[in-house]
Amino acid sequence: MKLLRLTLGALGWLALATLWFWAWHLKDPQLRFMRAWELPLLLGALAVGIALIWRLVRGWMRPAALSLAFAAVLMALCNEAASIQHRAAVNAASGPMAQALGAHFIVGYDDAKNLRELARKGLIGGIFVTGRNVQGRSAAELRDEIAGLQALRREAGLPPLIVATDQEGGAVSRLSPLVARQPALATLLEADVSDEDLAQRAHAYGAQQGRALAALGITLNFSPVVDLRTGRAPGRWDLHTRIDERAISADPALTAQVALAYEKGLESAGVRGTLKHFPGLADVHEDTHHFAGSLRTPVARLATHDWKPFQEVSKQSDAAIMLGHVILAELDADAPTSFSRKIVQQVIRGEWGYQGLLVTDDLTMAAAYNRGLCDATVRSLNAGVDLLLIAFDHDKYFDAMHCAQQAARRGALDLAMLERSNARRLQSFR
């Protein structure tokens, strides 16, 4: 009986610690699937916990356990109140600074009606269209939805929204079946053809995809993947990255050749592509959707190998570059590449001379979000990153935008960097 009581007591403390941790991380992107009922469920669980503590716990442990439980309740309510306040503050924002900050955000959505005021007031710079936006809908419905948002921009005298998606082909074909599903770009290498024929096929592939995307109103495609193939199977916890299923080749020259022809095909239809995911995920073993990731490959090797497709294609096209959430400790041990001022300014803008668009990978991925969304937002802007993507958990846009506004008010933003970035964006999407 004593062992049973000890076991139940240990489980009770573990449950209380879990609820406290949950309250601390209320509205975490990893829990988005339960967003609508998360707070009531948590508060209900805490109420049950408090009742059980009062009934079953004796001595000094009762006040200690009750203090933890009530602290969790207070923390959950404070997090909920902060979320509501941030949303209200952003929705009420207006003026040149709010528009200058909002122009940097590309935001996913469930219902386009929730974007109308943000688009009309210039509080977002773009939208991200993905699978949840096409399910059960026709191409005409999606096209009209996007056109309606663009009409609001024109009426307000604002630049058009950037309309982005993830249509790589193969496993990542977010807009299919509205956009005809194509096999992965790597399948073009299966045919024994000359370099010229391979380039023509890749260009035709990109042009076909670009025409279909442009017909919907898409202007920016997060493709091609120019990370190099590794030849190894995905790790046990690699649920989403799975680079070998998406990359073109292990050969940087061949990757660059196919990617450039594909990008030129996209551009022929009026759609800009995106080279991803710098600094290259081939040697990253963690899935940055869920875990912090590190790239340990020497920079000297990266510069002569993994980075060649990024450099070669960006020099000869208008492709944007997506920055991954991985630590490249040899250059910056303090921040992921996606918001490392040192890497962006010294390597990409400096050594490479690249003055095109830079976009973060989704800031609600754990490798970025768990380091602090506010910190990631401010550091990305100060690094000279042009577009901040908040796609999966689009509610987090309000927290990020509020943070950017607060940083501007206290003088923590590099306004000159912000101005140059806005000029690049306007030049790219006129």
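Predicted model: local features only at pLDDT ≥ 70, side-chain atom pairs only at ≥ 80, totals over all residues.
Let's start with the packing. In soluble globular proteins, nonpolar side chains tend to be buried together. Here the largest nonpolar core takes in 103 residues, and the members that touch the most others are Ile127, Phe278 and Tyr397. Take Tyr397 as a way in: leaving out residues up to four places away in sequence, Tyr397 touches Val90, Phe105, Val107, Leu118, Leu123, Ile124 and Ile390. There is also another core that sits apart from the largest one, made of eleven residues, including Leu19, Ala23, Leu26 and Leu39.

Next, have a look at a sheet. Three strands line up in the order E7-E9-E11 as an open sheet with parallel pairing. Going from one strand to the next, the twist averages 25°. If you want to zoom in on one pairing, E7 and strand E9 (residues 320-323) run parallel over three bridges. At one of the bridges into E9, Thr274 has Ala320 as its partner.

Now over to Tyr205, which is part of helix H7 (residues 195-216). Is Tyr205 buried or exposed? Its relative accessible area is 6%, and the cut-off for buried is under 20%, so Tyr205 counts as buried. What is Tyr205 in contact with, once neighbours within four places in sequence are set aside? The list is Glu168, Gly169, Gln182, Pro183, Ala184, Leu185, Leu188 and Tyr262. As for Gly169, it is 36 residues from Tyr205 along the chain, with 9.6 Å between the two C-alpha atoms.

Finally, the cysteines. A disulfide is a covalent bond between the sulfur atoms of two cysteines. This structure holds one: Cys374 and Cys403 are linked, with 1.6 Å between their sulfur atoms. The link is right-handed, with 55° about the S-S bond. Cys374 belongs to helix H14 (residues 373-383) and Cys403 to helix H15 (residues 396-409), so the pair ties together parts 29 residues apart in sequence. As for accessibility, Cys374 is partly exposed at 38%, whereas Cys403 is buried at 5%.

Cys78 is partly exposed, at 44% relative accessible area.

Definitions and conventions
Residues numbered from 1 in each chain as written. Heavy atoms only, no water. Core = buried A, V, L, I, M, F, W, Y, C linked by side-chain atoms within 4.5 Å. Buried < 20%, exposed > 50% of the residue type's maximum accessible area, 1.4 Å probe, protein only. Contact = heavy atoms within 4.5 Å. Pairing = 2+ DSSP bridges. Helix = DSSP H or I, 4+ residues; strand = E, 2+ residues; numbered from the N terminus. Axes fitted to C-alpha atoms, helices over the stretch in contact; angles between N-to-C directions. Disulfide = S-S within 2.5 Å.
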